[in-house]
Amino acid sequence: DLLWDDDPRRARERWVGSMFLRKAIFECGQLLGNYQIQNGVVYDFVARARPDVRWAAFPSLRSLGRQRTVWVNYEPEPIQPVITDQFAIGPSDLMAKYVAFHAFVLQEENWHHFDSALPWCTKHLTGNHKYCHVLFHENMLEQYLLLHEVPFRKNR
């Protein structure tokens with residue numbers, strides 16, 4: 001009984017838009033991975049940022065180097081998921097798993113993993129249960145990273 005949106009037309013638009021973005025991120029990851037193999041290099045850190053991300057703070061290089069984790073941006077919203085898709089930076093191997101999210105989601109046999117990603121719902125804060133069965137890609141990404149044992153942390 002999972003929905004992407006209450007309105008079927010909007011649900012399709014959100015799904016297509018999300019998958020188009022995920023595909024582009026996945027393809028960038030493939031290009032980067034191929035480049036590293038062909039040239040015998042490994043980047044210490046790989047970053048992914050949406051063009052509309054707003055920079056408030058950035059983890060220090062010492063913090064990045066000390067912890068094997070994917071750092072994501074903090075958003076001070078009352079009903080924000082644990083992880084957002086606006087920004088991520090981490091070691092090359094962990095970011096390769098991060099960008100592989102698209103390929104994982106496209107395989108229907110993996111969809112059952114997202115059942116536990118629900119609900120991300122406003123009912124507990126606003127009394128409105130409109131979104132209790134709406135699956136957001138942020139929840140899916142968080143569940144995927146947990147499943148693949150990719151540590152992540154929000155940077156305030």
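This is a predicted model: local features need pLDDT of at least 70, side-chain atom pairs count only at pLDDT 80 or more; totals for chains, interfaces and linings use all residues.
1. On its pairing, β2 runs antiparallel to strand β3 (residues 87–91), and two bridges join them. Valine 72 has alanine 88 of β3 as its bridge partner.

2. Valine 70 deserves a look of its own. Apart from neighbours within four places in sequence, its contacts include Ala88, Ile89 and Gly90. Leu94, Met95 and Tyr98 are also in contact with valine 70, as are Val150, Pro151, Phe152 and Arg153.

3. Val70 also belongs to the largest nonpolar core, which has 21 residues. Val70, Tyr98, Phe101, Phe114, Leu141, Tyr144 and Leu145 touch the most other members of that core. Two or more residues each come from α1 (8–39), β2 (70–73), α3 (92–99), α4 (101–106) and α6 (137–147). A second core of five residues is separate, and Val53, Leu64, Phe87 and Ile89 are among its members.

4. Now for the overall fold. The protein chain has six helices and four strands, and along the sequence they follow the pattern α-β-α-β-β-α-α-α-α-β. Of the contacts with a separation of 6 or more, 68% are between residues 24 or more positions apart.

5. Finally, burial and surface. In the protein chain of 156 residues, 39% are buried. The accessible surface is about 9700 Å², with 55% of it belonging to carbon and sulfur atoms.

Technical notes: Residues are numbered from 1 along each chain as its sequence is written. Side-chain values use heavy atoms; hydrogens and water are left out. A nonpolar core is a set of buried Ala, Val, Leu, Ile, Met, Phe, Trp, Tyr and Cys residues joined through side-chain atoms within 4.5 Å. Buried means under 20% relative accessible area, exposed over 50%, partly exposed in between (1.4 Å probe, protein chains only). Contact means heavy atoms within 4.5 Å. Two strands pair if DSSP finds at least two bridges between them. Accessible areas come from the Shrake-Rupley method with a 1.4 Å probe; for residues, only the protein chains shown count as cover.
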